[in-house]
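Morning, everyone. Please bring the structure up on your screens, and we'll go through a few places in it.

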Amino acid sequence: MWDRLLDAFGRNSVRIGILNVTLPDGRQFTYGDGTGSPVSMTIHDQDTLRRIVLDPDMGMGEGYMNGRVTFENDDVSGFLALASLNMADGGMGSFQRPLEALRKMRGWWRQMNSAASARANVAHHYDLSAGLYELFLDEDKQYSCAYFREPDLTLDAAQAAKKHHIASKLLIEPDMRVLDIGCGWGGMALTLARDFGARVVGVTLSEEQLRIARARAEAAGLADRVEFQLLDYRKVNETFDRVVSVGMFEHVGRPHYCDYFRSVRSRLAPDGVALIHTIGRTDPPGKTSTWIDKYIFPGGYIPSMSETLAAVEKEGLYSCDIEVWRLHYAETIRHWYNRFMERIDEAEALYDARFCRMWRYYLLASEMTFRYNNQCVFQFQLSIDQEAVPLTRDYLYMPPEAQRAALAAE
């Protein structure tokens, strides 16, 4: 039965490319339109076959992690590119649709991120060994989309460009008080303090990130200007000139979108400005990958623009500027993947081969989704007062001194 269901799923779902599948009993099937380079995979046992039929996302991810699904020439990248292209094309077996609806409903409940569950979800990913992230991130430990203002920028240069682009949107002036929601290892906060003279409070739920961020502030001589706290964003009760949040909104969960933007509004001074940088989807609201939810980012969800702005509107915030970054994250993750693979032996020494297959699959699946399947990055510039920012975007491309002079002249 499972082989017949897999065959039906393959014929319905793989419309682009060439996918050759070898079953545990040696039988082979081919799917697709015959275009492009073929991808060949082998399913090594009946239980893995059954799991793939019931939940292709989970079954394939776990199958590859466990060595029960293999690819000719280890071409997991080619498979994930082909899968992403076909997902974007809408391919799905008819018997999968009721199961997808159930998974979508389950996802809503998984995103009920109370303070306790949010902290546990953050620890699952961000409290991994700091040595792991040092294998593939830039020197500043930026674990979010870089900004390739020029296509040949290095990863470090593109991450610096991202931080300075955000600072320009925040219109930072010396001694402004800034709240950094989800501050990570502290790079954004330290940049705003060092390069723009801001005073920053960064909040995180990761004990490992907190430890490193505080140590970095001390080492940089910025501990008097940057304070890092282990605190849920909903527990902050001060007012700030600016609020910034980079790569954190994906962890909020749909049931809490209004809570989140209500918190942003409550933390802003009347003439304050917020900049929310988040992964987004360019298609209608969807669901989280079951494999990603279990192994990588529990409780996470990638928002559509429509559901994000619905919450912004309800909480009385003015959308002063919205920017969409296409393919920047695909290029960022390609850098991460190459750096990870160059040092994969060190990653295996930290964890094991199964973990490395999981991490490789995660990075490649993420890159291909950004490259082929309707994911991008949104930057929302928000305020309570629509006159808090200039009427044109010219100021974004001025050096800080010229930006301040232009604002003073208005």
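Where is the place of A269? A269 sits in strand β9, which covers residues 268–281. Keep in mind that this is a predicted model.

Is A269 buried or exposed? Its relative accessible area is 11%. The cut-off for buried is under 20%, so A269 counts as buried. Now its contacts. Leave out residues up to four places away in sequence, and A269 touches T239, F240 and I384. A269 and D385 are 116 residues apart along the chain, yet 9.8 Å separates their C-alpha atoms.

Next, helix α2. This helix runs over residues 46–54, and T48, L49, I52 and V53 are buried in it. They lie on the same side of α2, because they cover an arc of only 140 degrees around the axis. An α-helix has 3.6 residues a turn, so residues three or four places apart point the same way. Now the N-terminal end of α2. D45 caps it, with a side-chain oxygen 3.2 Å from the backbone nitrogen of D47.

Last stop: E307. Find it in helix α13, residues 305–314. E307 is buried, yet it has no salt bridge. Why no salt bridge? The nearest side chain of opposite charge, R254, is 4.7 Å away, and a salt bridge has to be within 4 Å. The E307 side chain does make a polar contact, at 2.7 Å, with the side chain of Y301. Setting aside neighbours within four places in sequence, E307 is in contact with R254, Y257, P285, Y301 and I302.

Technical notes:
Residues are numbered from 1 along each chain as its sequence is written. This is a predicted model: local features need pLDDT of at least 70, side-chain atom pairs count only at pLDDT 80 or more; totals for chains, interfaces and linings use all residues. Side-chain values use heavy atoms; hydrogens and water are left out. Helices (H or I, at least four residues) and strands (E, at least two) are DSSP runs, numbered from the N terminus. Buried means under 20% relative accessible area, exposed over 50%, partly exposed in between (1.4 Å probe, protein chains only). Lys and Arg count as positive and Asp and Glu as negative; His and the chain ends are not counted. A polar contact is a pair of N or O atoms within 3.5 Å; within protein, one must be able to donate a hydrogen and the other to accept it, and residues adjacent in sequence count only if both atoms are side-chain atoms. Contact means heavy atoms within 4.5 Å. The arc is that of the directions from the helix axis to the C-beta atoms.
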